[in-house]
Amino acid sequence: MGNQTNATIYQLMEDGKEKDIIQKHTEDSSLEGRFMTINGKQMLNFGSCGYLGIEFEETLKEGARKALDAYGTQFSSSRAYLSIGLVKEVEDKMEELFGQPVIITASTTMGHLATLPVIVEDEDAVILDMQAHTSIQMAVQLLKARGINITIIRHNDMDALEAKVAELKVKHKKIWYMADGVYSMYGDFAPLDRLQEMLNTIPEFHLYIDDAHGMGWTGENGTGYVRSQIAHHERMVMATSMNKSFAAAGGCMIFPNEEMRKRVLHCGGTLIFSGPIQPPMLGVALASARLHLSPEITRYQQKLAELTAHMNQRLNEAGLPQFMETESPLFFIPLGLPRVVSKFVKRMKQDGFWINAAAFPATPMKRGGLRFMTNGHLTKADIDALVNRIAVHFQNMLTEEGITCKEIARNFQIPEFELKTIPSQTPVIRLKKVTELEPVHKRTISHLDPVEWDALHASNGTLSHTVLQSLESVFAKGDSPENQWDFHYFQVKDDFGKTVLSTFYTAVLVKDDMFAPAAVSEVIEKKRKSDPLFLNSKVVMLGSMITKGQILFVDREHPQWKMALQMLIDQMQETVAKVNAAQLMLREFYGQIDEELRKTMLEMGFTALQLPNNVSMQLGWKSQEEYEERLSGRYRSDLRREILKFEDQFEVVTSKPAGEEELQDCYQLYLNVFERSFQMNVHQLPLDYFRMMRAHDSFDIIRLFLKDDPRGSEGRKPVGVMFSYFEKGTYHAMIVGIDYEFNQSTGVYKQALYQTAQRANDIGATHLDLAFTAELVKKKVGATPESCWAFIQIMDSFNLQVIESMGRDAKAS
């Protein structure tokens, strides 16, 4: 997990703590399962994964007492050396329960860490469901470090699974598919019928499945959801939990044969180097296993099944949506952003119901919701009360947030639903309608006033009215998918006609590995030779792929700037839905982001993404001596040794290419760089864009020729080129081209940077923007880096997860 992800999670957790909905403690001197006290308020507990509600059963408590009296509070020894007899007793009972060899572990997570590195061999491959539990994904990182082929597929995509197995079985002895039986956030199931069919028909296919949330409440003797649907196949390994419904502690790994069990017992790292389940909880586990093996377990299962059916019935009667209606006691009500989820959960807790917020990063940013469970301590009356309050707050939420049931259904890709009217004991809270802000949305810059637009944007980047007109002429109807951009111009004005917000954005096809490590992009580009659009997604972004600068104008002094910003995001999200974009991006923000903006964007569902540093320099020197004096001693020495030493070998031409042939020469130099540039991996720009830059007065082109060109006068061509934009005192160096045949011997790239700085200074620019990448080299000509940020909202993270997986593979190798 990267630093930026950790920072975002930290912010969200801090926000949850501030809202008093997470990391709480009960205040009761004792508990009985149904009620608990938090912040002095008694609450019904709909947040427990102890589904069967057997944790207060006298036989289980007596099991803990007997073990405690007999063996003490702990037995501190690795299983590799010695275990107390209770371990064998519990394992014998679990083998009787499942009819298969087992190993019990200190937790299910520790079980994964012990098992996977042993059973998955170097010749095998792994396919991972993207929603498989974090504990599995943690263990898979150990396999990546060994260089084992790891593939991620979309959640429950059996067609993709079959296709990938067919591909991998040619080279790999075994293909392991790793999934959950019951998924822990949305409560949906693995498609076990299809998985069983694959086990029966594909000899290379193996299944590793975690049924922690399926244990106890279903299946013969409570063996869980997976075993209630399919028999234990000879190529299946199952993990389950002895917490949750089982009401004890630890995990249980169930194997297809004794030989595999012995290999894991002998070689599993956490079985050798970590501690065991301690005696009191072993006593509980033994008592729970005996209960599960008795006819008595069906009484608990039937009671829970009745409560679960009643919950489904009441939710349906209220018209409330579920991500998927199942017989599982784990429920998920779709809502949306973390801000909406936390506000909803807080209101439910004020009403006396303890439920969970399921939100980012446990779910995608815009796909959070209410997560709650039925358990054996609750009553149907409790469920009726819960559903009534959910229905009331759900209706209030729709009104307050200005969203519809149809929009929620579309966002979660579930069937449309309609809320039923339920009498409310509290008034519906309605936001005051904002009438003083008026949005303006246009699809071409020609429909906006040039003077007004340039007054707001021309000095902030490559954003002038005429430049954007020219950009539209190239990309609005491009000749390839990556060069077909949808242009949108959006402004918000108040009743006095004052502009509160102004910007433009595009919907464009982007390489998903744009910000990935260069080594990963190099691997992906090899695959793109046969599949050019491999790992490409539509992105709706402020600006475009080629514009630079502060694209978003917001009057932060205006009292309703946040509302204006929300109006922009609403408009962009409409475009996201229309073009089925995977990501929404607001860029670029320079320097440190102030906390008010960061928090505002987080509440709107955006996380901060640090882009590569932007590099720039102040101009205005009167002489070469003054210029060099600005450099540190180290960089002054580098300048003289690496750049000025070769300056006399170059002829610098500042006139634009005279004809198509000269422009083609420059374009080829750009392609030379493009084909080697993976630090920020983007699509190739079309030649028409370069024709536009040649024709537009605001673009400047510097060409470098060798005075003594070994190719002779007839073959004389530029060895370097810099395409730049100059407006309102700022010179933007945008695109560089290099002939690498001469770069090492004469330093063409460094010379191009130096000559760009001199050219910008000579024509009166006060600031030079050298854009991203090559930070160390640009420092040698006097530039300094500045942090640059974007705010992103990810709708579909699948491709990004694939790339992240490839990145870990690259590091491991």
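This is a predicted model: local features need pLDDT of at least 70, side-chain atom pairs count only at pLDDT 80 or more; totals for chains, interfaces and linings use all residues.
Leaving aside its neighbours within four places in sequence, which residues is His 292 in contact with?

The contacts of His 292 are Leu 52, Ile 54, Leu 97, Gly 216, Asn 221, Gly 222, Phe 246 and Ile 297. Its relative accessibility is 0%, and the cut-off for buried is under 20%, so His 292 counts as buried.

Now the helix. His 292 lies in helix H11, which covers residues 279–292. Of its 14 residues, 12 are buried, so H11 is largely enclosed by the rest of the structure. Besides His 292, the buried set includes Pro 279, Pro 280, Gly 283, Ser 288 and Leu 291. What covers the buried residues of H11? Among the covering elements are helix H2 (58–71), helix H3 (85–98), strand S3 (102–105) and helix H12 (297–318).

A check on the geometry of H11: at 1.5 Å a residue, its 14 residues should span 20 Å, and the end C-alpha atoms are 20 Å apart, so the two agree.

Last item, the sheet. It is an open sheet of 3 strands, in the order S1-S2-S11, and the pairing is mixed. Strand S1 (35–38) and strand S11 (353–354) are the edge strands, each pairing on one side only. How do S1 and S2 run, and how many bridges join them? They run antiparallel, with 4 bridges between S1 and strand S2, residues 41–45. Within that pairing, Phe 35 stands opposite Leu 44 in S2.

That's what I have; questions are welcome.

Methods: Residues are numbered from 1 along each chain as its sequence is written. Side-chain values use heavy atoms; hydrogens and water are left out. Helices (H or I, at least four residues) and strands (E, at least two) are DSSP runs, numbered from the N terminus. The expected span of a helix is 1.5 Å times one less than its number of residues. Buried means under 20% relative accessible area, exposed over 50%, partly exposed in between (1.4 Å probe, protein chains only). Contact means heavy atoms within 4.5 Å. Two strands pair if DSSP finds at least two bridges between them.
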